[in-house]
Amino acid sequence: MATWILGVSALYHDAAVALLRDGVVVAAVQEERFSRLKHDAALPVRAARWCMAEAGIGPEDLDWLVFYEKPLRKFERILSTSVATFPRSWASFPRQMHAWLGDKLWLRGNLCSTFGVRPEKVLFCEHHLSHAASAFYGSPHDNAAVLCVDGVGEWATTSLWRGRGHTLEPVGEVRWPHSLGLYYSAITAHLGFMVNEGEFKVMGMAAYGRPRFDPQLAQLLRLEADGAFSVDLDAFRWHWHPTEAAGPRLAELVGPARFPGTPFTPELAPGDASPAQVAESQRHADIAATAQRQVEAAMLHLAHHAKAQVGGDALCLAGGVALNSVANHRLAAQGPFAHLWVHPAPGDAGGALGAAWWVWHQVLGHPRGAVLDRADLGRSTPRARSKDWLDDLGAHPVDVGDEAPERAAADLAAGRVVGWLEGRCEWGPRALGHRSILADPREAQMRDRVNAHVKYREPFRPFAPSVIAAAAGEWFDIPPAAAAPARFMLSTGPVRGDRRESLGAVTHVDGTARVHVVDPETSPAYHRLIAHFGELTGVPAVLNTSFNLKGEPVVATAVDAMATFVRSGLDVLYVDGYRVESR
Amino acid sequence: MGWLRRAWITVASEVAWRIPGRPQRLLHAFSLAERGSMVDVLFAAEATPRRDLRRKYFLHALDEGRHARVFADRVRALGRGDRAEAAVEDSGQLVEAGISGGLTLFERLGEDDFLAFVYVAEADAVEQFGVYLDRGLADPDTALELRTILKDEVFHVSYSRAELERMRKDGKPVDRMVRNRRLRRLWERYLRLTRDIGARVSGVWLTLLYFVALGPFRLVARLERGGWHPVPPRAPDALAAARAEG
């Protein structure tokens, strides 16, 4: 009899499930791919239903259901913080209690009724242990230091673990309210972006700036002699205010907050803005650059501590901060570890898979299994059904079958922007060639076109290149330690100097790119597409961005894809071998 | 009852459009509602077994998505004072779709009742936007957009009404279904109102509890310091520990 374990993460953001059969991942998918609500936090009912249907089982077949955090410990932290920040927390307390007393406190019962499992089958894993397990058990390393950095779990905001064989032992943790993730989020909010969504934009903005606010911001985030960090809690409010992350001190140090939607026209891209507007945008860029540099320095500081405490030559990374691909590159290039491994869904969604793996390996005592070398673990639709949908929608799909990669490459070479849907959705936030918008990476104008007319997003935001593994080293300077994160588009790297002109659309203003290295074994169709594009143009890389519009989750089905196709400036759509042209 | 509804809409509209800052909030609410509708109707396009209806739902969903963007653009043009709300809007994230308990609106209602729902909701929207235009409440640019949107809404009413008429010929109790949908909308509004009132009342009680019960403990409570903290060793029985919620 096989052992089935369902991991669940939910109720904060990015709800997800992961289903294991004897420790092997059968499916892992975020709820947003079903509900179409970006970062959907609701209990992932539809995702679970799909995973179990995919495996041919029902809820009664599940041996364990594991939730990715300990709710009562989290509640304890919220109560303790409310007391410790009395009376400033008076406005946040009723809101928090509403959510907890009304719903979250009765989680075991909710999980049982929602997913149809018996109470004795429900387990709970610590939040940071879920992250640590997601990073370690999917890695190829038997001995590794495991570092988890995020906003907050129960109490930990940063944690260090020693991974050995199939066990994870805690080494130490930084505790709430000192949080690197929330510090970056506070800067994100100050720069006019939405928390848990705009952090990527801050990273992109940082490349336009200089870290000239270092003396000011160093007062707010300090690297401690013990190898950790601390935050000036008088300057921030995330631990007591219901909606604001930063207090007036941040504005005193770096100037007023940017109003959301303000055009960004720094010195490197001034457009036709006035000198005053350029100066203001440059200030925003400099704040972003300083905060980004600080986070990189903090990650390096933590990594050196991890090396001293745990040793070994491998570092596994998870938690929301591990999505900071620039910091990951710096860890790989300048850090003390020879190998870096980052889970493809290092944020809260990945906790679902981590928790499930933790049950299989650590609670049930099973040895390590296969390395997680692919991210196409999510939702798919039978090809015939997609065809019916496309027919019914009047899309007039043409069946190009197995030639789809070559046909798409030819479209790209002809300057067309392509929507590419193939096989199963990616696990995690990155589009890795299964739900991607693709374009010719050679001319910078293509970046502007895709930003303005396809995805309707800010013009300063860069695009990533996907490059075939065999050519990656010729085009990008990827440190050996970043080889694994680059497979999941979780590290940046400089575009080689002599190649920058050939990659105008994907080379960011600082000469780097968030490289996605494509492997022929794990992504055969996508690899063929890029390789053929290389044969046609001499450039074995394509511009790759997630197949969605601003504010929407990545598409999942042919109907989603058509809705995005029609509303955007895409020229051609491929759905599992069917080609649709824009009319 | 139609005159009563129209009177209510007229009074509410006059209030909503004449108070400074309220039109932005109203348009923002429309933007959310339209985006939610887009999601709901797109699900219907996927789920319907009727191939002839799939395309209609799909076009309807595209209309709703376009309306959401137009309303959001109008909010931006009229100016929004609140940073937090503007940040959310800038990301385009807020959606109020009818997903409940893992079921979409279409799955909960089924095709027939979903069509009745579409008809009632769209007819209400036509009436509401008609009042705004008839009474000249919206600013000229918003009014221009409303006229275009109104045409789309009329199409949505037409196709859903045609489907209801078809169902009537098949002997289905269409009038009762439409009446039930209207009553259901009223009931849901009532529930929303009572939930809001309940939240405010409990908010008052929880605030009182905060000051009375938590205050004395402030003397002993401290926030954690920064830097590394040791982690207590894990319990030897991993399964027993895993069963615990705390």
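In β1 of chain B, B:His229 is the bridge partner of A:Glu173, and this pairing belongs to a set of two bridges through which strand β8 (residues 167-175) of chain A and strand β1 (residues 228-229) of chain B are joined in antiparallel fashion. Helices (H or I, at least four residues) and strands (E, at least two) are DSSP runs numbered from the N terminus, and two strands are said to pair if DSSP finds at least two bridges between them. The model is predicted, so that local features need pLDDT of at least 70 and side-chain atom pairs count only at pLDDT 80 or more, while totals for chains, interfaces and linings use all residues. Residues are numbered from 1 along each chain as its sequence is written, chains are lettered from A and ligands numbered from 1 in the order in which they are written, and side-chain values use heavy atoms, with hydrogens and water left out.

**The interface of chains A and B**

The contact (heavy atoms within 4.5 Å) draws 94 residues from chain A and 62 residues from chain B. The buried area is about 6,400 Å², with carbon and sulfur atoms giving 63% of it; this quantity is the accessible area (1.4 Å probe) that two parts lose on being put together, summed over both. Between the two chains there are nine salt bridges, a salt bridge being a side-chain nitrogen of Lys or Arg within 4 Å of a carboxyl oxygen of Asp or Glu. One of them is formed by the side chains of A:Glu126 and B:Arg234, at 2.7 Å from N to O. Helix α3 (residues 71-84) of chain A supplies seven residues, the largest share of the side of chain A that touches chain B. That side of chain A comprises 46 nonpolar, 22 polar and 26 charged residues, where Ala, Val, Leu, Ile, Met, Phe, Trp, Tyr, Cys and Pro count as nonpolar, Asp, Glu, Lys and Arg as charged, and the others, Gly among them, as polar.

**The five-stranded sheet of chain A**

An open sheet of five strands in chain A has the order β3-β2-β1-β4-β5, and its pairing is mixed. Because β3 (24-30) and β5 (122-124) stand at the edges with a single partner strand each, one side of each is left without a neighbour in the sheet. Neighbouring strands of this sheet are turned by 20° against each other on average, direction ignored. Within the sheet, β1 (residues 4-9) and β2 (residues 16-21) of chain A pair in the antiparallel sense over six bridges, with A:Ser9 opposite A:Ala16 in β2(A). The loop between these two strands holds A:Asp14, a residue other than glycine whose phi is positive, near 55°.

Two further backbone features of chain A are cis peptide bonds: A:Phe86 is joined to A:Pro87 with omega about 0°, and A:Trp176 to A:Pro177 with omega near 10°. A:Pro87 is found in the loop between α3 and α4 (92-102) of chain A, whereas A:Pro177 is in the loop between β8 and α7 (180-190) of chain A.

**The eight-stranded sheet of chain A**

Eight strands of chain A form an open sheet in the order β13-β22-β21-β14-β15-β20-β16-β19, again with mixed pairing. Its edge strands are β13 and β19 (516-518), each of which pairs on one side only. Strands β14 (residues 418-421) and β15 (residues 435-439) of chain A run antiparallel and are joined by four bridges, A:Leu421 having A:Arg435 as its bridge partner in β15(A).

| Helix of chain A | Strands touched | Angle |
|---|---|---|
| α5 (residues 107-115) | β1, β4 (64-67) and β5 | about 135° to β5(A) |
| α15 (residues 404-413) | β14, β15, β20 (541-546), β21 (572-575) and β22 (578-581) | about 160° to β14(A) |

Over all chains, the whole structure has 60 salt bridges. Among them is the pair of A:Arg383 and A:Asp399, whose closest N and O atoms are 2.7 Å apart. This pair links distant parts of the chain, A:Arg383 lying in helix α14 (residues 383-392) and A:Asp399 in strand β13 (residues 398-399) of chain A, 16 residues apart.

Terms used:
Axes fitted to C-alpha atoms, helices over the stretch in contact; angles between N-to-C directions.
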